[in-house]
Amino acid sequence: MQPEPSPGALNGVRVVEWGSLVSAPFCGKVLAELGAEVIKVEPPGVGEEARQRGPFPAGQPHPERSGLYLFANLNKRGITLNLQSGPGRELLGRLLESADIFLENQPLPLVEELGLDYAALKGQYPRLIVTSISPYGRSGPYRGYRGSDLTANAMSGLSFGTGHPHREPLTTPLHQAGYLAGVGAAFASIVALLGRDLTGRGQLVDVAEAQVIGTLLTGYHLPTYIYRGVAGFRSGNRMRLGLFPNCVLPCKDGYICIDAPQIEQYRRFLALLGEPDWTADPRYRDRRAMSDQYPAEAEALIAPWFMERTKAEILQACLEQRIPCVPVQTFDEALADPQLNARDYFRPVEHPWTETYRYPGPPYRLSGAPARLLRPAPTLGQHNREILGNELGLAEAAISHLERAGVI
Amino acid sequence: MTPPENDLTPLPLARYRVVDFGTAWAGPMAAQLLADLGAEVIKVESRARLDGLRLGRPIVGEDIAGGDRGLWPELQPVFHGINRNKLSVTLNLKTAEGLELARELLARSDVALNNYSPGVLQRLGLDYTELRRLRPDIILVSMPALGETGPLRDVLAYAPIIQALSGLMSVVGYAGDEQLVGELQAPWSDVVAALHAALATVAALRHRNHTGQGQFIEVAQLEATASLLGEAFLDCQMSGAPPQPQGNYHPAYAPHNNYPCAEADRWVAIAVGSDAEWQSFCAALGQPEWCADPRFADHQGRLQHLAELDAHVAAWTGQHTAQEITDRLQAHGVAAMPVMNIEDQFLDPHLQERQAYLDVEHPHVGAEWLYGMPWLLGETPGGIRTPAPLLGQHNEYVFQELLGVSAAEMGRLAEAQVIY
């Protein structure tokens, strides 16, 4: 007998999201694909800011065609509510009555002005979990500071070490601080749900983008500083504190990445280059020194072999010899990647305002409660009547009145 | 189960036992995220093959070669950073008796985590089909690099290799002809996979609490990395061309860069979005003449003349320290922050107040600084309770108390290099 298809691991969890751009929306998306019911609240008229951001088809801005919005809001239902208005906040309050998690990443002064911070909400909603994502966090002297992905990366310590030594530090591309903070906030929110089973109470989940990426990704920095006195430096296209070869190098038609820490891997690589004798020379046997002390000299030795070959040739040869070395794939190449496609990783998503695009799928495959693809990102106010009418019980006349008044 | 009375800050995951077969970064970090919030995490390791992070340059002394040979397993700082709050048992899974003890432990556990290569669990007889026989509601989490299936499943892949395949590495760099940077100087894909694995685990625990059912969870590190790159995958399809490296350029902001400050290799991040923010920025600088340049009057103009704009901003930032600039711009409501190195972070009052770094007493090192909690939960915060375990430190507790092995039998098993 076939088991019933699972509704998802978070079936029954209700989330109200007041998010914009990346971190809170992506957190909502992650919770939704794991089975939570997520209602996204946007300002009437223009919607949240991501709708103004690209990428757009053919570069033409359109509020229903933002790639950022479409990706970060999969699987949600969306309503519009003017939270600056009393009736708008009252309707939000009614949604929060049945919600488990209220998720937001708005500027702190606005959140406090509207009475939507945890301290203001917990009296009325003692079981509510308030997940608040911000560049630097909701406590500490910088709690009211303005921030963006760039400044969160700057505080995290990641930017300082990324880039060429002779150039400015590079921020992490593609809003990765926001996405990673979103996943972390989803984890912490579910932990808070499990905690509520013990305490009976909700709580504030305070997630700082700078701290999530700073804490999780910089494991070498703290001990290197404490024990070696090294505060940081940029080492360009090579991983520092590793074993040669561990770098990104140009080849005939792009770049490759090699990272071969095991001595057997290095020997197989030298054999492939036709230079097995290098390990006899102490200067090219000490791979820690090659990586830390004279990396340019070491890389110059292997660079010509790559420059004479294409990405495809290099991949083939390194697969055969079991050497960890692959092409640096551009995004069109990654979309065509045989491994990802053999596993049906990309999911086509139909949307009323766009072509059907292939979206990256959820990365967890749960045998008993698979992640879901239920619906595309909502169009602005798409579920106003469904949620306010059917679920909160407002009459059609009342909804029309709210529309005319600009509340929804 | 009745919640304990009067416990004001319970550990939210204290009810769960996790067996951590992880090595290096991805697996151990996933388990640590659970341990930090109270799960009883038992790390299974062995002198027969030490966790790679127990090797390398020791905290004290310069015996790097000895460290690489495994002479200093208790003095590895990165290991301490991602294995705190755990218990350690030494168990040689290459022996039949070692595997039998592992099975007995798994039968008493809620979660098993591993980042083995595909096929290893099957060879050990510890795949999901087998584990379910031992414990019907167990949650098994596997974190293979590229997946348990697929044509490249057996490729040797460390984090940078995965970042290269995902597309992410192709946009880490400067615009123009500069050699691609590519490297993020972080075990990026390991961390991304660890976080997704921890998330899927707590979701599965909640599912089990409601349905009584366990499950098998596969988190491929390549897929976890790619799952955060939807903007670029959509951009590629929407524009017909793959995104290229752009340095610190961002179309929604101008200025938007890490600008040089007065001291050598010191930088400040400044992000100005709306025209209102631009006005605040100009006010903060005291309305210098160039701010009134009509080419910079609106966002489109600033974006079109970014090189000139960056030169003006850099000339100004070059006269001040990163902290002065941050203080002045933030006082005017403009997003700015010093580009911090670890020393700046360690001494920063904001990060200190948020306990970004905490010290713990380690038996071989003394007081030792570790990273704090990445997220702050008001009522059930978790935290650092114990330092990283010594190799086999909890053998007695696990084998004698949990599994009922006698002291004499433990002695025999140690002699036979089973508990080893």
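Rings of Phe, Tyr and Trp (the six-membered ring for Trp) count as an aromatic pair if their centres lie within 6.5 Å; planes under 30 degrees apart make the pair stacked, over 60 edge-to-face, and the rest tilted. Searching the whole structure in this way gives 21 aromatic pairs over all chains.

Before you start clicking, note that this is a predicted model, in which local features need pLDDT of at least 70 and side-chain atom pairs count only at pLDDT 80 or more, while totals for chains, interfaces and linings use all residues. Residues are numbered from 1 along each chain as its sequence is written, chains are lettered from A and ligands numbered from 1 in the order in which they are written, and side-chain values use heavy atoms, with hydrogens and water left out.

**Stop 1**

Select Tyr225(A) and Phe346(B). Their ring centres are 5.8 Å apart and their planes meet at 65°, so this pair is edge-to-face. The pair crosses between chains, from helix H10 (residues 221-228) of chain A to helix H15 (residues 342-347) of chain B. Helices (H or I, at least four residues) and strands (E, at least two) are DSSP runs, numbered from the N terminus. Tyr225(A) and Phe346(B) are both buried; that means under 20% relative accessible area, with exposed over 50% and partly exposed in between (1.4 Å probe, protein chains only).

Tyr357(B) belongs to strand E10 (residues 357-362) of chain B and Tyr371(B) to strand E11 (residues 366-371) of chain B, 14 residues apart. Tyr357(B) and Tyr371(B) are buried too. Now show Trp369(B) as well: ring pairs link Tyr225(A), Phe346(B), Tyr357(B), Trp369(B) and Tyr371(B) into a cluster.

**Stop 1**

Cys282(B) is buried at 2% relative accessibility, and Cys291(B) is buried at 8%.

**Stop 2: all of chain B**

Zoom out to chain B. Chain B has 18 helices and 12 strands, and its C-alpha atoms fill a box of roughly 85 × 50 × 50 Å along the principal axes. Of its 420 residues, 63% count as buried.

**Stop 3: a sheet in chain A**

Move to chain A and colour E7, E8 and E9. These three strands form an open antiparallel sheet in the order E7-E8-E9; two strands pair if DSSP finds at least two bridges between them. Strands E7 (246-251) and E9 (325-327) of chain A stand at the edges with a single partner strand each, so one side of each is left without a neighbour in the sheet. From one strand to the next, the twist averages 25°.

Strand E8 (residues 254-259) of chain A pairs with E9(A) over three bridges, and Cys257(A) stands opposite Val326(A) in E9(A).

**Stop 4: a parallel pair**

Select strand E2 (residues 37-42) of chain A and E3(A). They run parallel and are joined by four bridges; Val41(A) has Ile79(A) as its bridge partner in E3(A). Which way do the side chains of strand E3 (residues 77-80) of chain A point? Arg77(A) and Ile79(A) point one way, Gly78(A) and Thr80(A) the other way, and all are buried.

**Stop 5: backbone details**

Two cis peptide bonds are next. One joins Gly54(A) and Pro55(A), with omega about -5°, and Pro55(A) sits in the loop between E2 and helix H2 (67-72) of chain A. Another runs from Ala254(B) to Pro255(B), with omega near 0°; Pro255(B) is in the loop between helix H10 (230-239) and strand E7 (256-260) of chain B.

Finish with Leu21(A), a residue other than glycine whose phi is positive, near 60°. Find Leu21(A) in the loop between strand E1 (14-18) and helix H1 (23-33) of chain A, where it is buried, with a relative accessible area of 16%. Leu241(A) is not a glycine either, and has a positive phi of about 55°. Leu241(A) is partly exposed, at 33% relative accessible area, in the loop between H10 and E7 of chain A.

Notes:
Axes fitted to C-alpha atoms, helices over the stretch in contact; angles between N-to-C directions.
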